[in-house]
Amino acid sequence: MRNVLAKVVKSFHHAFIIIKHLLNFALPKRYTMVKKLFILALSALTMTGICKAGDFPYGQFTHEELGMKSYAKDASAHAVVLQEFGKSWISTAGDEINLIHEYHVKIKIFDSKGFDEGNIQIPLYKIDGNRFETITNLEGVTYYTAEGGNVQKAELDPKQVFIENTNKYWSQKKFAMPNLRPGCVIEFKYTLQSPRLFNFKSWNFQSDIPKIATEYEAHIPAVYNYNATLRGFYKLANNKAELERDCFSIGGNRCDCSKIVYAMTDVPAFVEEKYMTARKNYLSAVYFELNDYVSLFNGSKVKVTQDWATIDRDLKQDEDFGSQMRKTNLFKDRLPAVIAGKTTELDKAKAIYAYIQKNIKPNQFYGFSCDNGIRKALDTHSGNVADVNLALIAALNAAGLNAEAVLLSTRDHGLVNKLYPVVSEFNYVIAKVNIGEKSYLLDATDNMLPFGLLPMHCINDQGRVVSLSKPSYWIDLKASQKKTSTFILELTLQDNGKLKGTLSRYASGYEAYEHRKEIKKFNTVNEYVENLDEKLPKIKILNSDIQNLDSLETPLAEVYDVQIDAYDNTDHQKLSFNPYILSRITENPFKLSERDYPVDWGAPTETRFMLTLHMPNQYTVETPLQPTGLSLPNKGGMFVTNFTAQDNVYTFSNVLQLNNSIYTAEEYPYLKELFSKIIQTEQTDIIFKKK
């Protein structure tokens, strides 16, 4: 056996894994640089340019660091990473194998807005009752200049470090760096030990503050074959590898390692802006995932990353997934009353969907595997996302409908990497019911969602459909409806200077769903109306009528009798009126000079506003509103206004359409300019004068 093992280890010397890192980083910036790193089998390892960089000394500072007033390459930064170093390797103790990660960072804080960098939270995963991640060798120090000009330092007190349980899966190691003040430099380091070998420790080159230098060192035993993925928009300043002889051993058997260095310099801060998905989709970072490994005990190769055929089989046999989808017998006695009188498949599906919505309340946990199983979820009327939606799938199938499961990753969880199957990248499951030639995607976890409308957090690229009767496949996760609002305002100027009339608002699609949820936050509709009245200081609501609040598949209608205290009287030579008194855009949501990541609305939007203004006969228009027509390239959207006058009746209308769910980084300047011009247009008044 030892001879066989020696041959295996020797073969790994000659087929040693070298990851080719320099993968055409000269691609245009608009392309997301997500590349699967190549693994080359070499007959012998030859590597020049051995890495000379590494960790920096702890507990040292320079007067130049303390004297920095700002960061030259980003004068707006409240803090900057001076140096950052990480190192990860796989360690053995007896038969136990752990991933060890050392982290060390030094940060300059310029002002009080940078103090957040001194509040540290380190997430720790709890695998089970016996295995969990731990932090050791934690040290921290703050350097600062005292009033007399002397440099002082304050050490982190271990008594001020504590663990906070987040949920049953995660906890956090938390501490605050001592004596924070503008101009100080903080430094801390720690060692993390984890039994999670499946994902070798990832590394973020980019964060919320700029970094002058950031470096990561990975030591990977030759018997472990990881897929590595680079994400982000910035080039590596250093990317080298070298061979380490006899670096890993277990049970008396040894093998070599690959030492890989990744480094970046002058990394800009990552600036979050509105209408984006998970930040990890765009942060410059490197990720690792275990593909396979060779056991040093018996020389056998163990495949970890599976193909979809294997994953399909495992999911269908899984007690907390496929087995739950098969539990149609649980609905044998429940369904007759639910679908009584329903003659079409669509009507039956809608009735079952509403039944699950009302009978199982979701808890706070996402996931595609059941926590307690759908039987218990039905009995207790509670469960996680999988308990709810797998129950929906089982119920639909029990009624003779064709329902499947869809695995997905929510918007805040990140995009799924499709280069190789990784089931752990999914964190949610919904239902897909096929009726005739049409399919409907359903999520029964929210009783305010109409049939066929997914919550916005599920609209994220693609999902994987898992059927009990055929192979899995990808589908696009797109909004099935637009976000549509229509405002109609009809006003008449009274002799006392007040404008009186009616305000009507109609919402459909995602706008109706979101607005219904807003109304339902209040104990009563009257409370909502009172709150709305307070939020519209220029408008006083006299009477209200809200229709279709609980009819989820029809437009939501609100009709109000309103009064506006526009003028003290009508004895004025001139009157000005700004028609943009509702849904006015006061701030451009797009502020970056350029944006590397797309603008993701989730769904196309359309907002319409129509105003009819009845003025006394003695007034006429001196300065009318000029018609406006703005558009985005490739029919991506438009903003159009129109103004007409006939006798003493004045009509104004505007339409804002954003026809795409997603706008690319190249389209960002046009979108930014559109909103800038809208804001300028909305500052214009109509001027009336006496005849």
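Are Tyr-103 and Tyr-190 buried or exposed? Both are buried in this predicted model.

**View 1. Tyr-103 and Tyr-190 form a tilted aromatic pair.** In total, 34 aromatic pairs are counted. In this one, the ring centres lie 5.5 Å apart, with 35° between the planes. The pair links distant parts of the chain. Tyr-103 belongs to strand β5 (residues 96-109) and Tyr-190 to strand β11 (residues 185-194), 87 residues apart.

**View 2. Two arginines sit over aromatic rings.** The charged end of Arg-231 is 4.5 Å from the ring centre of Tyr-287. Arg-464 lies over the face of Trp-308, at 4.0 Å from the ring centre.

**View 3. Ile-488, Tyr-506 and Met-610 make a nonpolar surface patch.** The patch covers about 240 Å². Ile-488 is part of strand β26 (residues 483-493). With a relative accessible area of 34%, Ile-488 is partly exposed.

**View 4. Strand β22 (residues 428-435) is largely enclosed by the rest of the structure, because eight of its eight residues are buried.** Side chains in a regular strand alternate between the two faces of the sheet. From β22, Tyr-428, Ile-430, Lys-432 and Asn-434 point one way. Val-429, Ala-431, Val-433 and Ile-435 point the other way.

**View 5. β22 pairs with β21 and with β23.** Strand β21 (residues 402-408) runs antiparallel to β22, joined by seven bridges. Strand β23 (residues 438-442) also pairs with β22 in the antiparallel sense, over five bridges. Lys-432 stands opposite Glu-404, and its bridge partner in β23 is Leu-441. β22 and β23 form a hairpin with two residues between them. Gly-436 in the turn has a positive phi of about 65°.

How values were computed: Residues numbered from 1 in each chain as written. Predicted model: local features only at pLDDT ≥ 70, side-chain atom pairs only at ≥ 80, totals over all residues. Heavy atoms only, no water. Phe/Tyr/Trp six-rings, centres within 6.5 Å; stacked < 30°, edge-to-face > 60°. Helix = DSSP H or I, 4+ residues; strand = E, 2+ residues; numbered from the N terminus. Buried < 20%, exposed > 50% of the residue type's maximum accessible area, 1.4 Å probe, protein only. Lys NZ or Arg CZ within 6 Å of the ring centre and 35° of its normal. Patch = residues over 30% accessible without salt bridge, like charges linked within 9 Å, V, L, I, M, F, W, Y side chains within 5 Å. Areas by Shrake-Rupley, 256 points an atom, 1.4 Å probe, with all protein chains shown as cover. Salt bridge = Lys/Arg side-chain N within 4 Å of Asp/Glu carboxyl O. Pairing = 2+ DSSP bridges.
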